[in-house]
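Subject: Structure handover

Hello,

Please find the structure below, handed over for your own reading. Notes on what was found in it follow.

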Amino acid sequence: MKLLTAAAVAVLLSSGMAFAQDNSTTGSTTGSDNDSNPNYLAGPNIQRFYTDESMNTLRPEVELKSEWQAMTDTERADAKQACMGNKDTRFNPLCNAIGAM
């Protein structure tokens with residue numbers, strides 16, 4: 001009985017360690033990608049869509065489309081990716097506008 005208990009504990013400990021190692025590796029790779037997305041929304045490229053420095057008021061739709069077209073393909077892809085991972089509600093109106101373009 002002691003041998004069975006010791007074996008079960010050994011299996012649990014070894015699988016827990018492997019899970020922790022796997023989780024940290026996956027987390028660091030994914031985390032670095034996700035960390036750059038919110039930074040893009042708070043960066044200077046996004047200011048072009050707002051009428052004020054505090055980024056509370058979006059520009060009119062015609063101006064939003066003009067600014068969107070002026071962006072490079074990479075900037076547009078970055079903005080769309082950032083909006084897909086957006087968790088900051090203040091960017092919801094912008095992300096909704098970007099999603100409609």
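Where is the place of Met55? Met55 sits in the loop between helix H1 (2–42) and helix H2 (61–70). Please keep in mind throughout that this is a predicted model.

Met55 has a backbone feature to look at: its phi is positive, about 55°, although Met55 is not a glycine. Met55 counts as buried, because its relative accessibility of 10% is under 20%.

Next, the charged pairs. Side chains of opposite charge can pair when their charged atoms come close. The structure holds five salt bridges; the notes below cover some of them, including the one between Asp73 and Arg76.

- Asp73 and Arg76: their side chains form a salt bridge with an N to O distance of 3.2 Å. Both residues belong to helix H3 (residues 73–84), and because they are three residues apart there, about one helical turn separates them. Asp73 is exposed, with a relative accessible area of 61%, whereas Arg76 counts as buried at 19% relative accessibility.

- Glu63 and Arg59: a salt bridge joins these side chains at 3.3 Å, N to O. Glu63 is partly exposed at 36% relative accessibility. Arg59 is partly exposed too, with a relative accessible area of 27%.

- Asp88 and Arg90: here the salt bridge has an N to O distance of 2.8 Å. Asp88 has a relative accessible area of 30% and is partly exposed. Arg90, at 42% relative accessibility, also counts as partly exposed.

The last item is Asn86. Is Asn86 buried or exposed? At 18% relative accessibility, Asn86 counts as buried, because the cut-off for that label is under 20% relative accessible area. Asn86 lies in the loop between H3 and helix H4 (92–99).

Which residues does Asn86 touch, leaving out those up to four places away in sequence? They are Leu41, Phe91, Asn92 and Cys95. With Asn92 there is also a polar contact of 3.1 Å, which joins the two side chains.

The Asp73 and Arg76 pair in helix H3 could follow.

Regards

Note on methods. Residues are numbered from 1 along each chain as its sequence is written. This is a predicted model: local features need pLDDT of at least 70, side-chain atom pairs count only at pLDDT 80 or more; totals for chains, interfaces and linings use all residues. Side-chain values use heavy atoms; hydrogens and water are left out. A salt bridge is a side-chain nitrogen of Lys or Arg within 4 Å of a carboxyl oxygen of Asp or Glu. Buried means under 20% relative accessible area, exposed over 50%, partly exposed in between (1.4 Å probe, protein chains only). Helices (H or I, at least four residues) and strands (E, at least two) are DSSP runs, numbered from the N terminus. A polar contact is a pair of N or O atoms within 3.5 Å; within protein, one must be able to donate a hydrogen and the other to accept it, and residues adjacent in sequence count only if both atoms are side-chain atoms. Contact means heavy atoms within 4.5 Å.
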